[in-house]
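This report goes through a structure for a reader who has not seen it before.

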Amino acid sequence: MSEAAISGAGTMPGSSTLVDDWSADKQAYHVPWGKAMMWIFLVSDTFIFTCFLTGYLHVRLTTTEPWPLQSEIFALSFGGDPIPLILIAIMTFILITSSGTMALAVNFGYRRDKAKTFWFMVATAAFGASFVGMQAFEWSKLILEEGVRPWGNPFGAAQFGSIFFMITGFHGLHVTAGVIYLLTVAFKVKKGHYDKKGYEIVEIAGLYWHFVDLVWVFIFAFFYLL
Amino acid sequence: MSSEAGQQHPLGIYYKIWILLFVLSSFSYAVDFFNVQGGMRWGLVLLFMVLKAGFIVAIFMHVVWERMALVLTILGPPIVLLLLIGLMTIEGNYTSGTRYQYMGHDPNAVALTPSDLHGGEHGEEGEHAEEEAH
């Protein structure tokens, strides 16, 4: 279609081509639409988590009270001397393990091995659930034993509590949603819902799960280690 | 169309990346365990973080095998966030500088620890100064 033919008299030059391009029904992403949509959701989620972490950066830079020492607050004792940050380290390893089992589930999905896909997804969800359980333990320890509140804590800067509850809470919510999502897809895989449609859905669920692990990489570094 | 075959890759690469992520996480934890402080701590933690994030996005999320249009959609917009982080760092440093100057707080104050509060044996391990005070 020639440009001159489309652009009506009096309209801004270029506006017709803009409309044309965006309404031309062309495919920009050569992936299943569900996968493109999941990626766009994950990019927007990246913005949300980065805004939280940037808020944390700013609060931590500007507070005039000393920032509590995470290494000691998150230490845990198994009978002997407290081991610094050990619970967080275990949670990190659990999430990485779950990312590995998820990657295998995606792979077996494309091989159309329904049984293995199902069990690896269930294992991933189980690791995720245990992660949330440990987080619940960590929260209750901090709230009940250490007296950390969103508005204050006995160690130092008051903002420590609000940042901790907001960021780990929002991440924990993502993990919980992911567990439900994975179990839903896993049981549909088992029932053979995707035999005809194809197993992209396992990869799409996997993208979400790896993203949750990815966010934890940044939380682990910025909130717990630095 | 490549998408119909889906993202199919040999299992070996997943195992290798999986092990690598474990190793990198252990290194991150070791930084804290051996109480590395100062610029070295920041450098190591950020290095291991970037490597871990990179391998998850590239291999587990299959971004290295995607077409350029999708890769740029994923990795392009978040670059704006680096600008936000940079601006907030500058602004935050300025704000904290003026607060210390005019409000008279001690920039070298050290936070309390659980052992201080619960009256446990006062181990001398809690005496490391926070590097952000500099």
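## Helix H8 of chain A against helix H3 of chain B

In H8(A), the residues A:His210, A:Asp213, A:Leu214, A:Val217, A:Phe218, A:Ala221 and A:Leu225 meet B:Val45, B:Leu46, B:Met49, B:Lys52, B:Ala53, B:Ile56, B:Val57 and B:Phe60 in H3(B). Two residues are in contact if their C-beta atoms, placed from the backbone, lie within 7 Å. Helices (H or I, at least four residues) and strands (E, at least two) are DSSP runs, numbered from the N terminus. By class, the residues of this contact of H8(A) with H3(B) are 12 nonpolar, 1 polar and 2 charged. Here Ala, Val, Leu, Ile, Met, Phe, Trp, Tyr, Cys and Pro count as nonpolar, Asp, Glu, Lys and Arg as charged, and the others, Gly among them, as polar.

The axes of H8(A) and H3(B) come within 10 Å and cross at roughly 175 degrees, which makes H8(A) roughly antiparallel to H3(B). Axes are lines fitted to C-alpha atoms, for helices over the stretch in contact, and angles run from 0 to 180 degrees between N-to-C directions. Angles under 35 degrees count as roughly parallel, over 145 as roughly antiparallel, 65 to 115 as roughly perpendicular and the rest as oblique.

## Source and numbering

This is a predicted model, in which local features need pLDDT of at least 70 and side-chain atom pairs count only at pLDDT 80 or more, while totals for chains, interfaces and linings use all residues. Residues are numbered from 1 along each chain as its sequence is written, and chains are lettered from A and ligands numbered from 1 in the order in which they are written.

## The two chains together

In chain A, 52 residues are in contact with 57 residues of chain B. On the side of chain A that touches chain B, two or more residues come from each of helix H3 (33-62), helix H4 (70-73), helix H5 (86-110) and helix H8 (200-225) of chain A. H8(A) gives the most to that side, with 11 residues. The residues on this side of chain A are 33 nonpolar, 14 polar and 5 charged.

Chain B has 6 helices and 0 strands. Of its 134 residues, 15% count as buried. A residue is buried if 20 or more other C-beta atoms lie within 10 Å of its own, exposed if 12 or fewer, and partly exposed in between, with C-beta atoms placed from the backbone. Among the contacts in chain B with a separation of 6 or more, 50% are between residues 24 or more positions apart.

Leaving aside neighbours within four places in sequence, A:Met121 is in contact with A:Ala105, A:Leu182, A:Val185, A:Ala186 and A:Val189.

## Helix H7 and its partners in chain A

H6(A) and H7(A) pack at an angle of about 160 degrees, their axes 9 Å apart, and are therefore roughly antiparallel to each other. Their crossing is left-handed, a term used if the near helix is turned anticlockwise from the far one by less than a right angle, with right-handed used if clockwise. Residues of H6(A) in this contact include A:Met121 and A:Gly128, and those of H7(A) include A:Gly178 and A:Leu182. The contact of H6(A) with H7(A) has 14 nonpolar, 8 polar and 2 charged residues.

H7(A) and H8(A) also pack at an angle of about 160 degrees, with axes 10 Å apart, and are therefore roughly antiparallel to each other. H7(A) passes H8(A) in a left-handed crossing. Among the residues that meet are A:His171, A:His174 and A:Tyr181 in H7(A), and A:Tyr208, A:Trp209 and A:Trp216 in H8(A). This contact of H7(A) with H8(A) has 16 nonpolar, 4 polar and no charged residues.

## Two loop residues with positive phi

A:Leu85 lies in the loop between H4 and H5 of chain A. Phi of A:Leu85 is near 60 degrees, a positive value in a residue other than glycine. A:Leu85 counts as buried because 23 C-beta neighbours lie inside 10 Å.

A:Arg112 is in the loop between H5 and H6 of chain A, and has a positive phi of about 60 degrees although it is not a glycine. With 11 other C-beta atoms within 10 Å, A:Arg112 is exposed.
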